[in-house]
Amino acid sequence: MVKEVHKVVKESGGYRIIIANSATSIDDNNKKDVVVDGSHFGLNVGQYALQAKIRGMIGNDAGIGLEEAGIAGLKLLGQHGVPGAAVSCMSAKIGNGTATYEEGVISVANETAKILGITKGMSAKEAADKMFEAALKQK
Amino acid sequence: MQHGQQKVVKTSGKSRIIIVETSSDVNESNSNDIIVTGSHQGSGSYLAGCKVKGAIGNDAGKGKQDAGIAGLKLLDEQGIPAAAVGNMTAKIGNGDSTYEQGNISAVNEAARKLGISEGMSAKEAADKMLQALAR
């Protein structure tokens with residue numbers, strides 16, 4: 001598979017907000033990044049995010065679905081103190097990271113994200129900024 | 001099932017039904033295979049690039065501009081049968097769930113020609129795609 005080239009939309013002191021179409025494209029190189037992606041936020045996506053040790057993630061809720069599988073990864077990240085949020089599948093086109101960032105409206109946030117002031121109804125952009133600011137403070 | 005793995009559930013001649021957690025686990029070696037994936041059916045371009053012989057994924061609630069099933073059309077343009085299961089019937093991100101629990105919610109024309117229709121189990125739909133290759 002050809003490695004996806006991420007778009008960097010914000011950068012400060014080595015920390016970044018990056019956009020990816022697929023959450024499978026993130027790895028160890030994204031340790032200082034808040035990742036905004038086009039993928040669903042299923043359990044497997046949460047696992048990829050934990051392995052890569054990213055600073056925060058915003059994905060698509062995929063309609064939430066059976067046993068809330070579309071946001072199961074969000075909860076997993078919350079258990080590890082990593083902020084995560086999902087945008088409504090009716091607000092942004094799944095599979096398209098730029099749509100998540102530019103058009104997405106948050107439908108669900110995990111506990112860690114809520115502590116940062118991220119709430120349902122907020123734009124993905126604003127939510128990503130809050131995760132980014134938190135990452136900068138933590139360094 | 002783990003990232004990077006492919007589970008073979010059925011073989012017919014040189015073709016197989018393969019389960020993957022994410023479509024990104026598919027590669028060029030799958031050019032004779034039917035892929036059952038936990039991913040949404042949003043893009044299709046990656047699977048089409050791997051020249052797979054059929055694909056079943058999750059409709060991800062379909063969502064804005066039917067983005068969750070946009071890949072079905074793209075695969076159809078390549079003559080590749082493809083279908084999606086309803087996101088309330090199978091857990092997205094879990095290919096085993098797509099295969100074992102999924103019920104078809106959307107099909108492309110190439111799949112419809114094989115007798116695959118809404119409401120069918122993903123397993124039956126995958127079988128029909130595999131049988132079509134044996135003909």
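Tutor: A residue is buried if 20 or more other C-beta atoms lie within 10 Å of its own, exposed if 12 or fewer, and partly exposed in between, with C-beta atoms placed from the backbone. Helices (H or I, at least four residues) and strands (E, at least two) are DSSP runs, numbered from the N terminus. This is a predicted model, in which local features need pLDDT of at least 70 and side-chain atom pairs count only at pLDDT 80 or more, while totals for chains, interfaces and linings use all residues. Residues are numbered from 1 along each chain as its sequence is written, and chains are lettered from A and ligands numbered from 1 in the order in which they are written.

Student: Which residues of helix H2 of chain A are buried?

Tutor: In this helix, residues 72–79, the buried positions are A:Ala72, A:Gly73, A:Leu74, A:Leu76 and A:Leu77. Their cover includes helix H1 (43–52) and strands S4 (56–60), S5 (84–87) and S6 (106–109) of chain A. After H2(A) comes A:Gly81, with a positive phi near 75°.

Student: Why does A:Ile19 count as buried?

Tutor: A:Ile19 counts as buried because it has 22 C-beta neighbours inside 10 Å. It lies in strand S2 (residues 15–20) of chain A. Two residues are in contact if their C-beta atoms, placed from the backbone, lie within 7 Å. Leaving out residues up to four places away in sequence, A:Ile19 touches A:His6, A:Lys7, A:Val9, A:Val36, A:Gly97, A:Thr98 and A:Tyr101.

Student: How many residues has the largest nonpolar core?

Tutor: A nonpolar core is a set of buried Ala, Val, Leu, Ile, Met, Phe, Trp, Tyr and Cys residues joined through C-beta atoms within 7 Å. The largest one here has 82 residues, and A:Ala49, A:Ala127, A:Ala128, B:Ile35, B:Val36, B:Ala83 and B:Ala126 have the most contacts inside it. Helix H5 (residues 124–138) of chain A gives the most to this core, namely 6 residues. Beyond its neighbours within four places in sequence, B:Ala126 contacts B:Ile17, B:Ile34, B:Val36, B:Ile56 and B:Tyr99.

Student: How many residues does each chain bring to the contact between A and B?

Tutor: Chain B brings 24 residues and chain A brings 23 residues. The chain B side divides into 5 nonpolar, 16 polar and 3 charged residues; Ala, Val, Leu, Ile, Met, Phe, Trp, Tyr, Cys and Pro count as nonpolar, Asp, Glu, Lys and Arg as charged, and the others, Gly among them, as polar.

Student: What is the make-up of chain B?

Tutor: Chain B has 5 helices and 6 strands, in the order β-β-β-α-β-α-β-α-β-α-α from the N terminus. Of its 135 residues, 56% are buried.
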